[in-house]
Structure formats: structure tokens, C-alpha cells
Amino acid sequence: MTDVTTRRGQEKSADADELGAALAGDESAFAALVERHRPELHLHCYRFLGSTQDAEDLVQETFLRAWAKRASFQGRSTFRAWLYGIATNACLDALRRRPRRVTPPEVTGPADPGARPGPATDLAWLEPYPDRLIEDVVAAGVDPEAALVRREATELAFLAAMQHLPPRQRAVLILRDVVEWSAKETAGSLNMTVASANSALQRARETLRRRWVRQDAADRRALARISEVERSLLARMVDAWNRTDINAVAALLGADARLVMPPTTSWYDGRAAVTSFLATHAFTPSMPGRMRAVPTAANRQPALGVYIRDDSGDFRPFALLVLTVESPVVTEMTLFHLPRLFPLCGLPTVPGP
């Protein structure tokens with residue numbers, strides 16, 4: 001026990017020495033210090049902005065601001081909390097210049113499954129977040145049971161609901177209910193009174209209640225990660241896509257299931273419409289052997305990396321298909337045409353046989 005206590009004391013002293021050097025202007029020490037917090041700050045910024053690329057930009061902005069104002073760190077909070085405050089205000093500045101991110105059902109009504117999907121649009125679409133990045137947060141030392149990485153605060157439905165909050169309410173709710181700060185800490189970081197912060201939190205929670213169904217405590221523990229039921233559904237969905245078997249896909253869908261396909265505004269409402277669209281435009285006689293699906297996960301939800309064989313015979317990353325499951329069926333499939341996310345999901349450039 002003495003050895004453990006001594007080692008912890010040495011580590012604390014080393015951390016203090018590194019912090020001192022960083023704040024004194026040692027760029028390499030500062031870079032090493034802030035890099036430890038990159039994974040969780042990236043997830044934090046994603047919750048505000050709904051995009052991995054925007055989150056990366058804001059993390060870089062956070063580090064630049066932190067370096068420029070390093071002399072302002074007085075040790076009244078942890079260095080981690082200080083970085084969170086800077087990141088939060090950087091996100092608020094960004095949100096004042098950008099539109100909220102949307103999903104196709106918020107933009108237009110359901111499409112005709114017999115018609116071709118509409119063209120891609122330049123609307124600000126909500127994007128998925130690879131589970132591999134969430135696991136990086138855990139690997140960096142965040143408790144896997146912490147609200148920061150729990151499923152309830154990571155799913156697409158939660159992120160979509162968050163987009164309807166004004167920036168300041170969004171910040172208060174994230175800091176209070178996800179980062180788990182006190183009202184006093186939150187108010188101080190946002191230059192608000194405690195009463196104003198509490199009022200903003202109450203309004204934010206009310207908006208969220210109208211737009212997002214929260215699981216109870218037992219369900220949140222059970223669904224910290226993808227469940228066995230979801231793994232089974234995912235395996236069957238991957239097999240169905242690989243065989244372009246529309247009947248197998250239909251068997252996994254609920255009657256009210258939806259297929260959503262940003263960056264087009266097209267989406268399809270109900271099992272019949274979804275399967276009709278897939279049968280007409282994807283799972284056609286010319287498609288067998290042209291698609292390959294690989295299991296993955298995003299936003300703590302099961303997902304497929306979908307590849308398409310090109311004219312040269314090579315498979316190319318096409319889209320990330322994220323499944324929403326309400327046991328025992330799939331209630332929504334969101335097809336994100338974002339091949340750039342494949343490496344972040346740990347998906348291969350070329351799928352195996």
C-alpha cells in the first residue's frame with residue numbers, strides 16, 4: 001500500500017511540474033497536457049455542433065485559445081474543467097455563425113418510394129459519431145459509466161433533439177446533465193447568474209422532453225453499449241444487405257420503420273415504403289455482388305459500413321447505415337453518405353471477402 005501511495009504522490013508531483021512548465025510557456029509541455037483531453041473535448045464539441053469535422057475544428061480552436069490565455073489559469077478549477085469552459089465558449093461562438101443541423105423528416109414530408117431520391121443538398125445535416133471515438137474517450141481515462149459517454153447522451157435521437165435548443169440552453173444542459181457540473185460551475189463558465197443557469201436548464205429539459213424519449217435508469221444501465229439483441233439484429237441485417245435479400249430486411253423492420261438518407265431530403269415512412277424503395281433502387285437483380293456490408297457502430301447504435309463495387313470491380317466505401325432499434329425490431333435506418341467516416345469507424349478501405 002505504501003508503494004501505491006508513493007507512486008500516486010510521484011505522479012501528482014509530475015503532473016504539477018508539467019502543468020507549471022506548460023503555463024510558463026513550454027510549448028511541448030502544453031501540447032502534451034492538452035492532447036490528453038482531446039478525445040473527450042472532441043465528443044463535447046460534437047454534441048454542440050453535430051459534426052465530427054466541425055468538432056475537430058473547434059478542438060483546435062480551443063487549444064489555440066487555451067495557449068493564448070494560459071496566464072489566466074489560476075488553479076481555482078482543474079485544468080480539465082478550464083479547457084471545458086474554453087471549448088464550450090468556442091462552440092457558442094461557432095453556433096452564432098452557423099445554422100442548426102437538421103434531419104430529412106424536419107425538412108420535408110416522406111418521399112414516393114417509386115421515384116428516384118432527390119439530389120444532395122447543402123443543408124447542414126446532423127452527422128453520426130463513430131463509437132471508436134467514444135471508446136477513445138474511455139481509454140483516455142473517463143469512467144465508462146460517466147454521463148459523458150453513456151448511451152443516452154450519445155444516440156442520434158438525443159443529438160437531433162439537442163439541435164432544437166438555443167445555443168446558451170444547449171451549453172447549460174450539456175454542462176449540467178452530461179459533463180455533470182454544478183449550477184455554480186456552469187454559471188461561472190458561461191458568465192451567467194446561478195438563477196439564470198437554472199432557468200435555462202429547466203427550459204432546455206422541457207424542450208428535450210418534448211422531442212426525445214428518455215430511457216429509465218435500469219434501461220440506461222442495460223444499454224450502456226450495444227445489446228445482444230442489437231448485435232443479433234445487426235448480424236442479420238449485414239447478411240441481408242450482402243445477399244441483397246429484401247425479404248430478410250423487411251423481417252427486421254417494424255411496421256412504422258423509416259429510412260432516412262441525408263444529404264438528400266428523401267426519406268421513406270413505414271416498412272412497406274422502405275422495402276419498396278430498396279427493392280426498386282438498391283436490391284435489384286443487377287445489384288447482387290455489387291454491395292458489401294461490414295458491421296460497426298456509431299452513436300452507441302449498431303451500424304453497417306456499406307460498400308459498392310465500381311465499374312473497375314473494386315469495392316469503394318459508400319455510406320454508413322445507422323440502425324435505431326426498439327427491441328425486437330429496427331425502427332429507423334439512417335443512411336449517411338459519408339465515406340470519410342469509414343477510417344474513424346475502424347472500417348477497412350476494402351472489405352474482406
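Gly305 stands opposite Leu320 in β5. That pair belongs to a predicted model, in which local features need pLDDT of at least 70 and side-chain atom pairs count only at pLDDT 80 or more, while totals for chains, interfaces and linings use all residues. Residues are numbered from 1 along each chain as its sequence is written, and side-chain values use heavy atoms, with hydrogens and water left out.

**The sheet**

Helices (H or I, at least four residues) and strands (E, at least two) are DSSP runs, numbered from the N terminus. Two strands pair if DSSP finds at least two bridges between them. Six strands make an open sheet, ordered β2-β1-β6-β5-β4-β3, with mixed pairing. Its edge strands, β2 (267–269) and β3 (291–298), each pair on one side only. Neighbouring strands are turned by 20 degrees against each other on average, direction ignored.

| Strands | Sense | Bridges |
|---|---|---|
| β1 (residues 253–260) and β2 | antiparallel | three bridges |
| β4 (residues 301–309) and β5 (residues 315–326) | antiparallel | seven bridges |
| β5 and β6 | antiparallel | seven bridges |

Arg258 stands opposite Asp269 in β2. Helix α15 (residues 271–281) packs on the sheet and touches β1, β2 and β6 (329–336). Contact means heavy atoms within 4.5 Å. The direction of α15 makes about 50 degrees with that of β1.

The hairpin of β4 and β5 has five residues between the strands, and Gly313 there takes a positive phi near 95 degrees. Another hairpin joins β5 to β6 through two residues. Leu323 faces Met333 in β6 as its opposite residue.

**A helix pair**

The axes of α9 (residues 167–178) and α10 (residues 183–190) come within 10 Å and cross at roughly 140 degrees. Axes are lines fitted to C-alpha atoms, for helices over the stretch in contact, and angles run from 0 to 180 degrees between N-to-C directions. The two helices, α9 and α10, are therefore oblique to each other. Angles under 35 degrees count as roughly parallel, over 145 as roughly antiparallel, 65 to 115 as roughly perpendicular and the rest as oblique. On the α9 side, the contact is made by Arg168, Ala171, Val172, Leu175 and Arg176; α10 supplies Ala183, Thr186 and Leu190.

**Confidence**

pLDDT is the predictor's confidence in each residue, from 0 to 100. The protein chain averages 90, and 92% of the residues score at least 70. Confidence is highest in β2, at 98, and lowest in helix α12 (residues 217–222), at a mean of 45. Over residues 1–14, pLDDT stays under 50, and the model has zero contacts beyond four places in sequence for them. Where pLDDT is low, the predicted coordinates should not be read in detail.
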